Amino acid sequence: MKRKKINTEYPSLLKTIKLAFSASFFSEKGLLFLLLNNRHTFNLITVFLFMTSLPVKGLDGKIAYSFGHIIETILLTLFFIVFLFLLSPNKKFGFLAFLRVFMAYECIDIFALISLVLPTNFISTFYSLHIGWYLALAVFAYSKINRANYVYSTINVLLAFFIVNLLPAIL
């Protein structure tokens, strides 16, 4: 009796980026593939670190690019993901699957490079749209992972977002 040979090849970085962009445009198939296939984890970590190291223009019109800014972005994003996972009633997939999905959503930060060429008075509108897109993706993923309605998912995502972003400002 012969055993079937299982394909244990890891996907290329380009294939992972394609899958991440697919999931970032509200593809349920891409979301499920990220949840179930753990071979993309290291590629997604690479994409996440690359996207957080891109220079962007801040709301004051100055380019915010320093090592401290990169570390702050990584920590706030990871705190958001961890807190959202803690709010999740369905922990069937585990934390790494949850992390893979939200690290894939960080690929939309490539569009933040547009801020370098925007005039200062348009930057706040651009960042509002950018954060809105990310939060809409978070609501979509949270509702699909937990099989919850969008109202419950929106409340949890906004709660996690406000706690993670406003708590450091208060302290």
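Lining the largest pocket of this predicted model are 26 residues, and H69, T73, Y127, H130 and I131 are the ones nearest its centre. A pocket here is an open set of points on a 1 Å grid over the protein atoms alone, with protein on both sides within 12 Å along at least five of seven lines, and lining residues have an atom within 4 Å of a point. Two or more lining residues come from each of α3, β1 (56–57), α4 (67–87), α6 (120–146) and α7 (150–170); helices (H or I, at least four residues) and strands (E, at least two) are DSSP runs numbered from the N terminus. The pocket has a volume of about 940 Å³, taken as the space filled by probe spheres set on the grid points, which are joined across faces, edges and corners. By class, its lining comprises 13 nonpolar, nine polar and four charged residues (nonpolar: Ala, Val, Leu, Ile, Met, Phe, Trp, Tyr, Cys and Pro; charged: Asp, Glu, Lys and Arg; polar: the others, Gly among them).

The structure also holds one cavity of 30 Å³ or more, a cavity being a set of points where a 1.4 Å probe fits but cannot get out. The volume of the largest cavity is about 40 Å³. Its lining includes L35, F85, F93 and I145, along with K91 and K92, and divides into six nonpolar, three polar and two charged residues.

Turning to helix packing, α1 (residues 13–24) and α3 (residues 41–52) meet at an angle of about 75°, their axes 9 Å apart. Axes are lines fitted to C-alpha atoms over the stretch in contact, and angles run from 0 to 180 degrees between N-to-C directions. The two helices are therefore roughly perpendicular, a label covering 65 to 115 degrees. On the α1 side, L13, T16, I17 and A20 contact N43, L44 and V47 of α3, with contact meaning heavy atoms within 4.5 Å. Five of these residues are nonpolar, two are polar and none is charged.

Mean pLDDT, the predictor's confidence in each residue from 0 to 100, is 89 for the protein chain, with 95% of the residues scoring at least 70. Confidence is lowest in strand β2 (residues 63–64), at a mean of 82, and highest in α6, at 93.

Residues are numbered from 1 along each chain as its sequence is written, and side-chain values use heavy atoms, leaving out hydrogens and water. As the model is predicted, local features need pLDDT of at least 70 and side-chain atom pairs count only at pLDDT 80 or more, whereas totals for chains, interfaces and linings use all residues.

How values were computed:
Parallel < 35°, antiparallel > 145°, perpendicular 65-115°, else oblique.
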